[in-house]
Amino acid sequence: ALHNEMGLLELSRGDTQAAFEQFAQAIQIDPTFAAAHLNQGSVLLHAGDYAGAAAEYQAVLQHDRDHVDARIALGVALRGQGEHREARRYYQGVLDEQPNHPAALFNMGVLLAEFLDQRPQARELFERFLRVAPSSGEQREMAEQYLRDIPAPGAPAPGGGGE
């Protein structure tokens, strides 16, 4: 736990390499330590190493198949690898159990809007997300932007002319 906390401290300082090393130490000491795997996966995800991140999230799921954060994060890593069907399966699994889970709603919305050309369905997910998400944050701002960009059913497309 100490190495994991030190990794978080290094992240807060902006030193991702030192954080990565601390998380790796925590995992070496306890290969089942979910928080260290999740943090290591997050560092890899932000570095664009989707396969490496997926491996970290799968390590968590080997010990706890129901770990919601690992399932959603694995969906993000799979999406990054172009495995859209599998990503959708992970998000949908969470939404089947918790229909208003903010992270699952948001990430499923991004998948539908950006990768599967299902913008009307994505709009519905972003609307639900905004009803249940915290009142501020980066994801909330992004969801609001998606809603500005995705026309409501029956509404003219954004920038669609008019007088």
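Is Asp117 buried or exposed? At 68% relative accessibility, Asp117 counts as exposed, where exposed means over 50% relative accessible area, buried under 20% and partly exposed in between (1.4 Å probe, protein chains only).

## Basis of the report

The model is predicted: local features need pLDDT of at least 70, side-chain atom pairs count only at pLDDT 80 or more, and totals for chains, interfaces and linings use all residues. Residues are numbered from 1 along each chain as its sequence is written, and side-chain values use heavy atoms, with hydrogens and water left out.

## The loop residue Asp117

Asp117 is placed in the loop between α7 and α8. Helices in this report are DSSP runs (H or I, at least four residues), numbered from the N terminus. Although Asp117 is not a glycine, its phi is positive, at about 50°. Most residues other than glycine have a negative phi.

## Aromatic pairs

Rings of Phe, Tyr and Trp (its six-membered ring) pair if their centres lie within 6.5 Å; planes under 30 degrees apart count as stacked, over 60 as edge-to-face and the rest as tilted. By this rule there are three aromatic pairs. One of them joins Phe106 and Phe126 in an edge-to-face arrangement, with 5.9 Å from centre to centre and 65° between the planes. This pair links distant parts of the chain, since Phe106 belongs to helix α7 (residues 102–115) and Phe126 to helix α8 (residues 119–132), 20 residues apart. Phe106 and Phe126 are both buried.

Phe106 also pairs with Phe129: the ring centres are 5.4 Å apart and the planes stand at 50°, so this pair is tilted. Phe106 lies in helix α7 and Phe129 in helix α8, so the pair ties together parts that are 23 residues apart in sequence. Phe106 counts as buried because its relative accessibility is 4%, and Phe129 counts as buried because its value is 2%. Ring pairs link Phe106, Phe126, Phe129 and Tyr146 into a cluster.

## A charge over a ring

The charged end of Arg89 sits over the ring of Tyr90, at 4.9 Å from the ring centre. A charge is counted in this way if NZ of Lys or CZ of Arg is within 6 Å of the ring centre and within 35 degrees of the ring normal.

## Packing of α1 against α2

The axes of helix α1 (residues 2–13) and helix α2 (residues 16–29) come within 8 Å and cross at roughly 170°. Axes are lines fitted to C-alpha atoms, for helices over the stretch in contact, and angles run from 0 to 180 degrees between N-to-C directions. The crossing angle makes α1 roughly antiparallel to α2; angles over 145 degrees count as roughly antiparallel, under 35 as roughly parallel, 65 to 115 as roughly perpendicular and the rest as oblique.

On the α1 side, the contact is made by His3, Asn4, Met6, Gly7, Leu8, Glu10 and Leu11. Residues of α2 in the contact include Thr16, Ala18, Phe23 and Ile29. Contact means heavy atoms within 4.5 Å. By class, the contact of α1 with α2 has eight nonpolar, six polar and one charged residues. In this scheme Ala, Val, Leu, Ile, Met, Phe, Trp, Tyr, Cys and Pro count as nonpolar, Asp, Glu, Lys and Arg as charged, and the others, Gly among them, as polar.

Ala35 lies in helix α3 (residues 34–46). At 30% relative accessibility, Ala35 counts as partly exposed. His37 is found in helix α3 and, at 6% relative accessibility, counts as buried. Leaving aside neighbours within four places in sequence, the contacts of His37 are Ile27, Pro31, Glu56, Tyr57, Ala59 and Val60. Ile27 is found in helix α2 and is buried, with a relative accessible area of 14%. With the neighbours within four places in sequence left aside, Ile27 is in contact with Ala36, His37, Gln40 and Glu56.

Leu38 in helix α3 counts as buried at 18% relative accessibility. Beyond its neighbours within four places in sequence, Leu38 is in contact with Tyr57, Val60, His67, Asp69 and Ala70. Asn39 lies in helix α3 and is buried, with a relative accessible area of 18%. Not counting residues up to four places away in sequence, Asn39 touches Asn4, Leu8 and Phe23.

Key:
Helix = DSSP H or I, 4+ residues; strand = E, 2+ residues; numbered from the N terminus.
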